[in-house]
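This report covers a helix and its ends, a pair of helices, and a loop residue.

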Amino acid sequence: MQRTSLPFVLLTVLGACQSAPRLAGDITDTKLVTWTRLARGVHVATLGDLRNETRYSDLAAAPPRLDSLNARVDTGLADALARVRYSIDADGRIAVRIPTETGERIHGYGLQFDKTMHSRRILELKVDHFNKGGGKTHAPVPFFVSSRGYGVLFDTARYLKVHNEIGNRKDSTRNPEEVDRNPPPDEKQAGPWLARPPADAIEASVRARGLALVGFSGTDMLDVVARYNLFSGGGAMPPLWGLGFWHRTPAKYDAAQTERELAEFDRYDIPIDVIGLEPGWQTKSYPCTFEWQPKRFPSPGTFVGRLLDQGVRTNLWVNPYVSKHAPIHDALYPLSGSHMVWLGIVPDYTLPEARAILLEQHQRAHLDIGVSGYKVDEVDGYDHWLWPDHATFPSGTSAETMRQSYGMHMQNMLMSGLFQKNDRRTYSLVRATNGACSAYPFVIYSDSYGHDQYVTGLSSASFAGVLWCPEIRSAGSEREWINRMHTVCLSPLAQLNAWASGTKPWSYPNATDAVRRMIQLRMQLLPYLYTAFARYHLDGIPPIRSLLLDPDTHVMREDNSMFLFGPDILVAPFLDEQTERVVRLPSGDDWYDFHTGRLAGNGATMTIKAEHTGDMPPMFVRDGALIPMLSRKINRTRDAREMPIEVRHYGRREGSCELYEDDTETFAYTRGVYRMWEIECRDGALYPSLRKADGPSYYGAMTLREMTAR
Ligand code: GAL
């Protein structure tokens, strides 16, 4: 016998009391979602038939971190989640309705460049080349977080259309009153007529047989994001070298030109850890062969080895589309989709046999000679650069699902089939990713170049478990060059991408000193940044994040021109050609100037000028914060080994910080082989204690530097 639920009975009775008959689209046409608890504050639900659907979480780099999730406060199932309803229509569209409240703020939906706040907007989440707004982007992560302390991941690799409080249901009790927009002369208009009357729910839909949902309930937005990242396997942990300075050479450079350029870095005394080779390193590109071009790189093993001897890693540009000149082309042909991209076949990497072919070639031609990572290009593309929605793939995976997940398949394959297998961490780049991807050490980049968008990206990425590289390529002036260098050096990946411009850090002679000082500062901040990444890995706390995610600052208003670098440094970069800017410091805490240690303010609005920061970016530190830094400047991250740590103390309060150490290169940290210091500063002295001591030490002794005069 079928059981009828109580809410259904009540709604039916209420419905029967009304005089008008209920019509299709009434709320009774929707069903309440049934959630199953996975861990504290994490619930899952399945709508429809998931057998032929791909869940993003199935492609995650690591399984959900249930241990860490269950160590958090048990938040139960958020009220909003308990009220989620869904419907499936005759065309196979599954729609989900999540009730919202007045004043609720909605953030997330991936790496969006225009905003981090998405209340009262419609988004179409689709992997696409850069686009400003609307949802089409390199990382259209279908996860949102609400200011009410919950979030939802739509965990199915499909295009997702989201109406955030747009579209009023006739049966809602919370619709605004109608307003006569054209009252007669003797009547006053009752209020503003709204073209988009606010609705009372987030309504999202996919066209699919099934949709998986993951609901997160937390104490605040940062807690919800952290739980989402832990569900996704935790945050990525780059090797220490990945956090040094990266330089990509022009697309047609050869080995000798590259080595000469590297020598120039040393001559100019500018740090460098990674050289990125662009398409011309291959025999043919694009489409690609993945084999070294002998006319440019006659002896790739020697070349990569000579760079490694100098402490410099090699990163290779690739796109996945295989040239007919590639030795692996014929083997991959039957394992590829119906349509090509730039005349290269598109391998179906959901198939183990296709993966095995590529991985064997990459291992032999790249990993075995010491290559450290990839830049996986063109896995986004506009409609006319990718395969059409009617393309077919031998595994039966739909073209739509393939488009939404191709970047993740690439990361999944390279990560498990090469880097984990060789017990060598990578820090790599990819131009498209999607849900549940936070554990991948792949950073997103773009061909767009708006400086303000690049800074907004740093905030929006933090809501989505994504790492974003606001790379520097060129500039219209020395000032712009300096300002862009600031931003990229305070991001997850500090990269100069000179593939087309041929620029070098010293290309703007009058800016070279400022550029050198900024890159050196990034290097000195490595212990602080690496520790922030450890917190990302262990607890899911994004290393660089929006101020809206900081529970201590109580910032409510969207201001994406500032962001947090690590737990305690607020950055308010100069944009474009600015030599001064207005900074509105959050209220609550006193903030201190990073460079001078002087009190900057608390909730204050001020104008900061480049002439007063010594051409460094405006940076502020929370009262009492300790910032562990290298005591000296270095040009390679390997020189950080055994270097003394200077712990800077800002402000008047006593404070504490952590310092993380591991072997910096292998996956031993995933087995708990690392050290975590808790460092306290009291009465002008440092008190470091080792909270976890299961790995090798890396840095040297610690000393205190009081930055604020007392
Ligand atoms: C673009 C990519 C650039 C550069 C270029 C090389 O698609 O975004 O960063 O790698 O390809 O052809």
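## Basis

Helices here are DSSP runs of H or I with at least four residues, strands are runs of E with at least two, and both are numbered from the N terminus. The model is predicted, so local features need pLDDT of at least 70 and side-chain atom pairs count only at pLDDT 80 or more, while totals for chains, interfaces and linings use all residues. Residues are numbered from 1 along each chain as its sequence is written, and side-chain values use heavy atoms, with hydrogens and water left out.

## Helix 4 and its ends

Gly233, which follows helix 4, has a positive phi near 105 degrees. At the N-terminal end, Asp220 caps helix 4, with a side-chain oxygen 3.1 Å from the backbone nitrogen of Leu222.

## Helices 10 and 11

The axes of helix 10 (residues 451–462) and helix 11 (residues 478–489), lines fitted to C-alpha atoms over the stretch in contact, come within 11 Å and cross at roughly 15 degrees. The two helices are therefore roughly parallel (angles under 35 degrees).

In helix 10, His451, Tyr454, Val455 and Leu458 meet Asn483, Arg484 and Thr487 of helix 11 (heavy atoms within 4.5 Å). By class, this contact has 3 nonpolar, 3 polar and 1 charged residues.

## Glu53

Glu53 sits in the loop between strand 3 (42–48) and helix 2 (66–70). Its relative accessible area is 9%, so Glu53 is buried. A polar atom of the Glu53 side chain lies 3.2 Å from the backbone nitrogen of Arg209. Leaving aside residues up to four places away in sequence, Glu53 touches Thr156, Arg158, Ala208, Arg209 and Gly210.

Conventions
Polar contact = N/O pair within 3.5 Å; in protein donor to acceptor, adjacent residues only side chain to side chain. Axes fitted to C-alpha atoms, helices over the stretch in contact; angles between N-to-C directions. Parallel < 35°, antiparallel > 145°, perpendicular 65-115°, else oblique. Nonpolar A, V, L, I, M, F, W, Y, C, P; charged D, E, K, R; others polar. Buried < 20%, exposed > 50% of the residue type's maximum accessible area, 1.4 Å probe, protein only.
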